[in-house]
Every structure is written in C-alpha cells, then in structure tokens.
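I opened this notebook to look up ring pairs, charges over rings, salt bridges and surface patches. Entries follow in the order I checked them.

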Amino acid sequence: LRKAIENQQEVSFDYFYYDSQETKTKTVQPYRLKLKDFRWYLLAQDDSGVAFKSYGLERILNLEVLNQKFEAQDIDFDQPYHDAFGMFTDGDAKKIVLEFDRRDGNYLISNPIHQSQKVTTLPDKVRIELYIKPTLDLIMELMKRTWSIKIIEPKWLRDQFVEYWNKAISLNCNS
C-alpha cells in the first residue's frame, strides 16, 4: 500500500463489512495510512463521490496494486477529523454536555476525550463540555463510562443511550 500511495497507483481488494457480514470488491485510489487506537486504516477515494473513505487494514483481503495510475487530488485529510473522535467523520459537530462521578471525571481530566473538552469541577462530580461529531466511535467511547455518565445535553443523545441501555438490560436479564 505504501508503494501504491507513493506511485499513485490504484489498488483493488476484497473488503469485509462488519455490519452486513459481506465481502465486496473495491477499487480505490490510495492516499494515506492512518493509525487510530492501535489499528491501521487506508484513506482512499473511490467512485462514491465522497471526499474519502477509510478502510480497516485487517479487513482487506486479496490486495492487488494495479497498473492504473491516478492524479492525486488536494484532499484535506485533517479537517474532517478535527471535530471527530475515532475514524468516523460523518455529521456535524454538536455541543455535548456530560457529567461523571469524581473518580471517572479525574481520569477524563488527565486523559481528555477530545481537544475541545472544557471541564467544570463540581463538589462531587465533573462536568465536561465537548464540541464534537456524535459518531458511533464517540458513543462507544462514552459507553466505557456508562456506570458514571449523565448526559446533560443534547436530549436526543440521552434518549439514544437509554435505548442502548434498555437493549443491554433485555439481553442480560431475560435469559
């Protein structure tokens, strides 16, 4: 992949999609490799019309570097990740206000969720305000602290968490 990126050569591969459990053949123009949470991703363009897509390297099979060259476009790979957590960059950034118990709050003060994080220390809890894209990656990160999190705003995010928690209760209490 590094050589294909350097030589601006298209690549073809079979890609496994976790959600559909299907493998599809993709032909893409590779631009960058990106490391996030101990996983490598290929940032590439395809014929979908979006600026770029990310592909987890562990899900790429049968990689073939093609003879077809492409002219690299000037793509800003940094800005889409500025207001994002993780690899998903879809949607617009929103103000999110959370509260955590003192213990978890102290962990999040020492290891911030995001560069937009603003902290208010209260007597028995910590309030954190973020300006961030509420993607699935962010939701999974916040779920790590589910025992102490209180979602102040937005309400739709709180409702989404309640839906996830109800499903978890159903899966774990009704068996």
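The model is predicted.

**Entry: Arg59**

Is Arg59 buried or exposed? I find a relative accessibility of 17% for Arg59. That is under 20%, so Arg59 counts as buried. I then looked at the ring beside this arginine. Arg59 lies over the face of Tyr18, at 4.1 Å from the ring centre. Arg59 also has a salt bridge, and the partner is Glu58. Their closest N and O atoms are 3.9 Å apart. Glu58 has a relative accessible area of 40%, so I log Glu58 as partly exposed.

**Entry: salt bridges**

How many salt bridges does the structure hold? I count 13. Side chains of opposite charge can pair when their charged atoms come close. I followed Lys53 next. Lys53 forms a salt bridge with Asp46, with 3.4 Å between the closest N and O atoms.

I went back to the Arg59–Glu58 bridge, at 3.9 Å between the closest N and O atoms. After that I looked for bridges with shared partners.

**Entry: Lys36**

I checked Lys36 for both kinds of contact. Lys36 forms a salt bridge with Asp37, where the closest N and O atoms are 3.7 Å apart. Lys36 also lies over the face of Phe85, at 4.9 Å from the ring centre. With 23% relative accessibility, Lys36 counts as partly exposed.

**Entry: aromatic pairs**

How many aromatic pairs does the structure hold? The answer is eleven. I took Phe13 and Tyr55 as one of them. This pair is edge-to-face, with 5.4 Å centre to centre and 75° between the planes. Phe13 sits in strand E1 (residues 9-17) and Tyr55 in strand E4 (residues 53-56). The pair therefore ties together parts that are 42 residues apart in sequence. Both Phe13 and Tyr55 are buried.

I moved on to Tyr31 and Phe77. Their ring centres are 5.7 Å apart and their planes meet at 45°, so I log the pair as tilted. Tyr31 is buried at 12% relative accessibility. Phe77 is buried too, with a relative accessible area of 5%.

Which residues make up the aromatic cluster that holds Tyr31 and Phe77? I list Tyr31, Phe52, Phe70, Phe77 and Tyr81 as one cluster.

**Entry: nonpolar surface patch**

Phe88, Leu136, Met140 and Tyr164 make a nonpolar patch of about 370 Å². I looked up Tyr164 among them. Tyr164 lies in helix H5 (residues 155-173). The relative accessibility of Tyr164 is 32%, so Tyr164 counts as partly exposed.

**Entry: recap**

Two charges over rings are logged here: Arg59 over Tyr18, and Lys36 over Phe85. Arg59 is buried, whereas Lys36 is partly exposed.

Definitions and conventions
Residues are numbered from 1 along each chain as its sequence is written. This is a predicted model: local features need pLDDT of at least 70, side-chain atom pairs count only at pLDDT 80 or more; totals for chains, interfaces and linings use all residues. Side-chain values use heavy atoms; hydrogens and water are left out. Rings of Phe, Tyr and Trp (its six-membered ring) pair if their centres lie within 6.5 Å; planes under 30 degrees apart count as stacked, over 60 as edge-to-face and the rest as tilted. Helices (H or I, at least four residues) and strands (E, at least two) are DSSP runs, numbered from the N terminus. Buried means under 20% relative accessible area, exposed over 50%, partly exposed in between (1.4 Å probe, protein chains only). A charge sits over a ring if NZ of Lys or CZ of Arg is within 6 Å of the ring centre and within 35 degrees of the ring normal. Patches are made of residues with over 30% relative accessible area and no salt bridge: like charges are joined within 9 Å, nonpolar side chains (Val, Leu, Ile, Met, Phe, Trp, Tyr) within 5 Å. Accessible areas come from the Shrake-Rupley method with a 1.4 Å probe; for residues, only the protein chains shown count as cover. A salt bridge is a side-chain nitrogen of Lys or Arg within 4 Å of a carboxyl oxygen of Asp or Glu.
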